[in-house]
Amino acid sequence: MNSIMQYETVSLNDEESSLVILNQTKLPNEIEILHLKTQNEIWNAIYSLQVRGAPAIGIAAAFGLYLAAKKIEANDYASFMRELRDAKDYLNSSRPTAVNLSWALNRMERTAMNHKGKSIPELRELLRREAIAIKDEDTDMCRRIGEHGLTLIHDGDGILTHCNAGQLATSKYGTALAPIHLGRERGMNFHVFCDETRPLLQGARLSTFELYADGVDTTLICDNMASQVMKNGWVNAVFVGCDRVASNGDACNKIGTSGVAILAKHYGIPFYVLAPTSTIDMSISRGEDIVIEERPSYEITEMWYSRRMAPEGIKVYNPAFDVTDHELITGIVTEFGISYPPYEESLKKIFESKQNNQQN
């Protein structure tokens with residue numbers, strides 16, 4: 001059987017007009033490849049976390065909107081755009097927190113808006129190319145994030161990560177795990193501690209799966225063991241991904257991340273957020289402005305159990321994310337360099353670098 005690292009997380013099969021994803025709800029016990037052909041199937045795949053991770057969600061949405069465009073039968077630009085926007089709004093409603101979802105969909109929409117004089121077949125082709133570009137750029141961004149992240153650690157270091165921000169969450173390499181995978185390509189060795197990441201177990205099911213497949217010395221711990229592992233002196237740095245970063249550096253990531261950051265601060269361990277600039281939302285000033293998705297109660301009470309583990313009728317609070325205050329974050333690693341406090345200034349410089357790069 002192929003290593004999980006040899007499978008594409010998300011791709012396009014244009015010939016059969018399908019979005020092809022690795023069903024992450026079945027991992028690590030079963031490798032299932034889904035071919036999604038309808039907008040409802042794609043919406044459900046994003047909502048149900050069959051495809052997950054902010055960059056992968058954005059790529060899936062871009063391919064999904066292109067597939068919607070292929071089915072639009074309009075003969076004029078205005079009608080085409082009306083149906084395209086309807087499809088965009090529908091896909092955008094699948095999950096509220098990861099900014100890459102709306103970022104990718106807005107980018108696809110702008111592509112069509114910027115070519116008003118083109119024919120409908122030409123617009124479809126432009127959307128296809130844009131979706132492919134989003135995926136190709138993600139691979140390049142992740143590699144560059146990995147390069148910058150590698151400057152923060154040394155061969156043999158212990159690293160703790162929360163949730164999954166690896167190859168399974170992107171097109172390749174990942175964000176938080178990109179330095180680890182890139183380091184492995186260069187013969188470096190790290191000891192990675194993966195929080196289990198309750199309640200959906202992305203750390204246990206996904207991060208350990210891909211790290212182990214890549215030959216990384218990996219140890220799984222329950223979320224409430226992070227403090228002891230840090231106290232033991234086994235962690236030199238914390239690397240996490242994120243779903244949205246505010247302009248002041250507040251970072252929204254999988255629930256439990258803020259607790260890890262608080263622990264790292266207590267033990268004097270650097271805490272880094274690794275994210276592409278597409279995940280940084282300069283339109284919001286602070287983390288409190290980020291909408292936090294709440295998930296169904298059964299994910300806590302029964303999803304992983306043969307029998308229900310909590311009494312019927314018990315109240316459940318199940319936020320999918322929390323916000324880590326910028327004061328707890330040592331640095332934010334992007335494809336254009338590492339941003340340090342004060343983030344209001346350094347993130348602006350990151351985007352200036354991005355703009356200069358695009359102009360050149």
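**Close-up views of aromatic pairs and salt bridges**

Lys 26 is partly exposed, with a relative accessible area of 32% (buried means under 20%, exposed over 50%, partly exposed in between, with a 1.4 Å probe and protein chains only). This is a predicted model, in which local features need pLDDT of at least 70 and side-chain atom pairs count only at pLDDT 80 or more, while totals for chains, interfaces and linings use all residues. Residues are numbered from 1 along each chain as its sequence is written, and side-chain values use heavy atoms, leaving out hydrogens and water.

**View A. Lys 26 and Glu 32 form a salt bridge.** Their closest N and O atoms are 3.4 Å apart; a salt bridge here is a side-chain nitrogen of Lys or Arg within 4 Å of a carboxyl oxygen of Asp or Glu. A search of the whole structure finds 20 salt bridges.

**View B. Lys 70 meets Asp 14 in a salt bridge.** The N to O distance is 2.9 Å. Lys 70 lies in helix α2 (residues 54-71) and Asp 14 in the loop between β1 (10-13) and β2 (18-22), so this pair ties together parts that are 56 residues apart in sequence. Helices (H or I, at least four residues) and strands (E, at least two) are DSSP runs, numbered from the N terminus. Both partners are partly exposed, Lys 70 at 29% and Asp 14 at 27%.

**View C. Arg 107 and Glu 130 form a salt bridge.** Here the closest N and O atoms are 2.6 Å apart. Arg 107 and Glu 130 are both buried.

**View D. Phe 193 and Trp 234 form a stacked aromatic pair.** Rings of Phe, Tyr and Trp (its six-membered ring) pair if their centres lie within 6.5 Å; planes under 30 degrees apart count as stacked, over 60 as edge-to-face and the rest as tilted. The count by this rule is four aromatic pairs. Phe 193 is buried at 3% relative accessibility, whereas Trp 234 is partly exposed at 47%.

**View E. Phe 239 and Tyr 272 pair edge-to-face.** Their ring centres lie 5.9 Å apart, with the planes at 75°. Phe 239 sits in strand β7 and Tyr 272 in strand β10 (residues 271-274), so the pair ties together parts 33 residues apart in sequence. Phe 239 and Tyr 272 are both buried.
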